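Biologist: I'd like to learn how to read the inside of a protein model. Can we go through one together?

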Amino acid sequence: AMASSASLQCLALVTLAAILLQVVGVAVSFIYFSKVLDTMQESFSRGSVSCLINTNLGADQDLAEDQKSDPCWQVTQQLHHHIEKAMADRFQKEISSVMRDKLTGLPPVRSPGTQGVPLPKVAAHVTGIAPFTEPPAADAGLRSSRGYLGERIGAWEGQRGLSFLQNMELRAGELLVPHAGLYYIYAQTYFRLSSAGETEGEANGETAEEDGAQLVQYIYKKISSYTVPILLMKSSRSVCWPRGQGPGLFSLYQAGTAFLQPADRLFITVSNASTLEMDGRASYFGAFLVG
């Protein structure tokens, strides 16, 4: 009985040892394969990132056929073409929107409530008629008591010939602004200098070159809140009196933009008004709303 008990104890020890060895072997194997899997995953990740970083997307035409069959190259090319297509679609939409606005002629947004609303048609072109309404003054080259330089032109035609008024009024030689906005304003005046100036210069002991004329054109605006007119722009030219039998012909033209308010008035003044020729095709001014 004692021998049988000892045999059972030995068998139990051997079995326990075998189990312990199996457990240790499984644990070692698990640790080993886990390290191997981590190493393989890290290597694959580094390889994938390096594939995307080191691949030259624009050099696919110079690659050999075996390189083009590489899965890494195929993935990067598909990614490259997808990015190109997305950028091209977005760029096309932006260009189409800009060109559509250009073709439709919609004005820039002036307030949140007027987005997409076309500008009202406001324009005027008035032409010269005789006689000149304001007689020449001795101080025509200086600022008069009325607050402006030169002599004001009041004789403009707004209905006949080449002239027209579209949603604007012409009152006493002044264009009345109906809407607030940015206006393009232009004017031209035509001067005819006779040779009489040469005779007058010689009588005073001066030569024709010394007795020149300063031709100046002014564009003014009047506002209801300020009594003195505001000079918007001016144009000038120095000329000599003609020395021959024929007259000297000269013109002054100027144009520009200005922001105007409702009830503002535009008018033109000139120097040497006695030499001004109010032909409708040579002397004119106008304005139209642009924004």
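This is a predicted model: local features need pLDDT of at least 70, side-chain atom pairs count only at pLDDT 80 or more; totals for chains, interfaces and linings use all residues.

Biologist: Are Tyr218 and Tyr220 buried or exposed?

Modeller: Both Tyr218 and Tyr220 are buried. Back in the other pair, Tyr186 is buried because its relative accessible area is 12%, and buried means under 20%. Tyr184 has 29% relative accessibility, so Tyr184 counts as partly exposed.

Biologist: What sits over the ring of Phe267?

Modeller: That's the charged end of Arg152, 5.7 Å from the centre of the ring.

Biologist: Now the strands. Why is strand β1 described as largely enclosed?

Modeller: You check its residues one by one. β1 covers residues 123-128, and six of the six are buried, so the rest of the structure largely encloses this strand.

Biologist: Which strands does β1 pair with, and how do they run?

Modeller: Look for bridges. Five of them join β1 to β13 (residues 284-289), antiparallel, and Ala123 stands opposite Phe288 there. β4 (residues 164-166) is also antiparallel to β1, with three bridges; in that pairing His125 faces Phe164. Then two bridges tie β1 to β3 (residues 156-157), again antiparallel, and Gly128 lies opposite Trp156.

Biologist: What about nonpolar cores? How do I read those?

Modeller: Here's the general idea: in soluble globular proteins, nonpolar side chains tend to be buried together. In this model the largest nonpolar core has 32 residues, and Ile185 and Phe285 touch the most other members. Several strands supply at least two residues each, including β1, β8 (212-223) and β13. The top contributor is β7, which gives five residues.

Biologist: Which residues is Phe285 in contact with, leaving aside its neighbours within four places in sequence?

Modeller: Among them are Ala124, His125 and Val126, along with Trp156, Leu175, Tyr186 and Ile268.

Biologist: Which residues does the second, separate core include?

Modeller: That core has six residues, including Tyr148, Leu149, Tyr218 and Phe267. Tyr148, Tyr218 and Phe267 also belong to the aromatic cluster we began with.

Methods. Residues are numbered from 1 along each chain as its sequence is written. Side-chain values use heavy atoms; hydrogens and water are left out. Buried means under 20% relative accessible area, exposed over 50%, partly exposed in between (1.4 Å probe, protein chains only). Rings of Phe, Tyr and Trp (its six-membered ring) pair if their centres lie within 6.5 Å; planes under 30 degrees apart count as stacked, over 60 as edge-to-face and the rest as tilted. A charge sits over a ring if NZ of Lys or CZ of Arg is within 6 Å of the ring centre and within 35 degrees of the ring normal. Helices (H or I, at least four residues) and strands (E, at least two) are DSSP runs, numbered from the N terminus. Two strands pair if DSSP finds at least two bridges between them. A nonpolar core is a set of buried Ala, Val, Leu, Ile, Met, Phe, Trp, Tyr and Cys residues joined through side-chain atoms within 4.5 Å. Contact means heavy atoms within 4.5 Å.
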